[in-house]
Amino acid sequence: MITATRLAVIGSSIAGCAAALAAQRAGAASVTVFERSGGRLAARGAGLAVHGERYAELEAAGFLDARMPYVPLARRTWYVKDAAAPSPLGRTLGVMPFGFRTYGWGSLWRELRGRVPGSVEFRPGSAVKEVRLTSRGVELDGEPFDAVVGADGHRSVVRTAACPGTVPAYSGYLAWRGAYAGADLPDAHLWPADDCAYVVFDGGHVVIYRIPDDCGGHRVNWVLYTAPPAGHVLPPDGRRMLTDDLAERLAEVTRKQLPPFFAALIEATPADDRFMQPLYDFTAPRYATDRLALVGDAATVARPHTGAGAVKALQDATALQEALRAAATPAEAFAAYDARRSPVGRTMVDLGRTLGKALVHGTPDWAGMRDGDLEAFWRRADGSGAFGGRELKRA
Ligand SMILES: Cc1cc2nc3c(=O)[nH]c(=O)nc-3n(C[C@H](O)[C@H](O)[C@H](O)COP(=O)(O)OP(=O)(O)OC[C@H]3O[C@@H](n4cnc5c(N)ncnc54)[C@H](O)[C@@H]3O)c2cc1C
């Protein structure tokens with residue numbers, strides 16, 4: 001047990017809340033959480049999907065709760081535009097089982113935040129600038145701690161201290177995203193509620209599913225992946241609004257490459273509810289040193305085609321909790337944690353790159369696909385079988 005350890009967590013998003021909970025449950029003497037944002041994190045983001053089996057493991061580990069509102073999905077239908085198709089949804093290329101639950105990011109975060117007991121000190125509006133290793137521990141902007149968990153996302157200051165030189169690599173394409181009230185979806189009855197739509201086109205695809213809202217209804221959530229127009233310059237400060245050239249590119253792809261039902265679905269998104277994220281990925285060479293551990297996107301970012309970034313973050317916290325409980329010192333715990341989680345992170349990053357190639361950079365001739373071609377394509381793309389996240393094996 002690490003009962004004498006004063007532990008700090010940097011970041012209070014999905015990974016940070018889960019890591020704070022893990023450290024508190026493992027018996028740390030004190031847990032302090034630094035969060036750069038001073039606002040309400042719950043207002044962030046759109047939807048995410050969690051594989052049903054991964055959900056069950058995380059519920060058993062005490063990080064997720066059956067009372068959280070979700071939409072159950074049963075199948076993933078692959079659609080492609082085909083002028084000869086009688087359906088406004090286009091031609092169906094294939095249907096695969098898809099046992100996922102979908103969540104609103106905000107309710108997932110609120111659930112985690114609500115589980116963290118009052119004994120954990122949260123400091124919103126506190127951006128950590130310097131992580132300095134000393135002979136006795138770690139100083140965060142001069143304040144001493146025994147050990148630090150970096151849950152500070154893909155531009156982590158903790159990772160810079162633990163693994164200098166690890167820089168996220170730009171994938172070459174963006175995720176355009178949107179979400180809006182289900183009541184505003186045109187011709188909603190045409191698209192089954194438990195269907196996850198993969199609408200594919202030359203050079204990208206869009207994933208669409210319903211997520212719960214906070215009022216017992218649902219929202220339509222979509223993420224479209226394709227390259228930005230030539231010459232587009234990524235904003236250096238991480239701004240996520242759609243510039244004119246990105247809005248035009250989205251409109252062009254929607255109009256020319258999507259079947260009418262899905263084009264109308266995206267066009268129905270209010271302008272304020274559209275945003276974009278450039279996609280990066282990387283693997284840190286290690287998940288921990290003696291005094292520093294990395295969780296969630298701070299440790300590895302796999303492209304979202306893996307459908308498992310939040311799952312990976314929560315699994316990291318679960319593994320961290322088990323390691324902290326079993327060890328006498330943070331160094332011992334962090335070594336066990338690193339050995340358990342580094343290989344999973346690498347697997348997910350590799351899978352994200354393979355799926356990115358198959359679904360964006362090097363898309364096949366979708367329109368030419370016939371019986372069995374899609375299943376063969378997917379078997380090649382997800383060769384590791386890690387889509388939706390790796391099983392969380394007990395330590
Ligand atoms: C398009 C897209 C779709 C996705 N879909 C899915 C999905 O379907 N299923 C799924 O499981 N995952 C999905 N993910 C991934 C998932 O959203 C993330 O992997 C997950 O939320 C883990 O985030 P995190 O908490 O590690 O990092 P973040 O959410 O980035 O949080 C980092 C936190 O640290 C804070 N911070 C940063 N620097 C400092 C500092 N110096 N001092 C103090 N605080 C700091 C930030 O303010 C922030 O709150 C998707 C991701 C994308 C981009």
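This is a predicted model: local features need pLDDT of at least 70, side-chain atom pairs count only at pLDDT 80 or more; totals for chains, interfaces and linings use all residues.
**View A. The shell of residues around the ligand.**
The ligand is surrounded by 32 residues, and the closest are S13, E35, A49, D297 and A310. By residue class, this shell divides into 18 nonpolar, eight polar and six charged residues. The largest share of the shell, three residues, comes from α7.

**View B. Polar contacts between the ligand and the protein backbone.**
An oxygen atom of the ligand is 2.8 Å from a polar backbone atom of A310. A nitrogen atom of the ligand is placed 3.1 Å from a polar backbone atom of G309. A polar backbone atom of R36 is 3.0 Å from a nitrogen atom of the ligand. On its own the ligand has 1,000 Å² of accessible area, and the protein covers 88% of that area. Two or more residues of the shell are given by each of α1 (14–25), β2 (30–35), β3 (47–51), β13 (169–181) and α7 (309–326).

**View C. The ligand between two domains.**
Domain 1 comprises residues 6–44, 105–168 and 281–356. Domain 2 comprises residues 71–104, 171–280 and 360–381. Both domains give residues to the shell around the ligand, so the ligand lies between domain 1 and domain 2.

**View D. E35 and its contact with S12.**
E35 belongs to strand β2 and is among the residues closest to the ligand. The side chain of E35 reaches the backbone nitrogen of S12 at 2.8 Å. E35 counts as buried because its relative accessibility is 10%, and buried means under 20%.

D65 is located in the loop between α2 (52–60) and β4 (71–72). The side chains of D65 and R67 form a salt bridge, with an N to O distance of 2.8 Å. A polar atom of the D65 side chain also lies 2.8 Å from the backbone nitrogen of R67. D65 and R67 are linked with E111 and R115 in a network of salt bridges.

**View F. The salt bridge between R123 and E143.**
Side chains of opposite charge can pair when their charged atoms come close. The closest N and O atoms of R123 and E143 are 2.9 Å apart, and the two residues form a salt bridge. R123 lies in strand β8 (residues 121–124) and E143 in strand β11 (residues 143–145), so the pair ties together parts that are 20 residues apart in sequence. R123 counts as partly exposed at 22% relative accessibility. E143 is likewise partly exposed, at 28% relative accessibility. Across the model, the count comes to 18 salt bridges.

**View G. The salt bridge between R341 and D316.**
R341 forms a salt bridge with D316, and the closest N and O atoms are 2.6 Å apart. The pair links distant parts of the chain, with R341 in helix α8 (residues 330–361) and D316 in helix α7, 25 residues apart. R341 is buried, with a relative accessible area of 3%. D316 also counts as buried, at 0% relative accessibility. Helix α7, which holds D316, is also the element that gives three residues to the shell around the ligand.

**View H. V149 and C163.**
V149 is part of strand β12 (residues 147–150). With a relative accessible area of 0%, V149 is buried. The C-alpha atoms of V149 and C163 are 14 Å apart in space, and the two residues are 14 residues apart in sequence.

**View I. L351 and G383.**
L351 is found in helix α8. L351 is buried, with a relative accessible area of 3%. Along the chain, L351 and G383 are 32 residues apart, and 8.2 Å separates their C-alpha atoms.

How values were computed. Residues are numbered from 1 along each chain as its sequence is written. Side-chain values use heavy atoms; hydrogens and water are left out. A residue is near a molecule or strand if one of its heavy atoms lies within 4 Å of it. A polar contact is a pair of N or O atoms within 3.5 Å; within protein, one must be able to donate a hydrogen and the other to accept it, and residues adjacent in sequence count only if both atoms are side-chain atoms. Accessible areas come from the Shrake-Rupley method with a 1.4 Å probe; for residues, only the protein chains shown count as cover. Helices (H or I, at least four residues) and strands (E, at least two) are DSSP runs, numbered from the N terminus. Ala, Val, Leu, Ile, Met, Phe, Trp, Tyr, Cys and Pro count as nonpolar, Asp, Glu, Lys and Arg as charged, and the others, Gly among them, as polar. Domain bounds come from an automatic or database domain assignment. A salt bridge is a side-chain nitrogen of Lys or Arg within 4 Å of a carboxyl oxygen of Asp or Glu. Buried means under 20% relative accessible area, exposed over 50%, partly exposed in between (1.4 Å probe, protein chains only).
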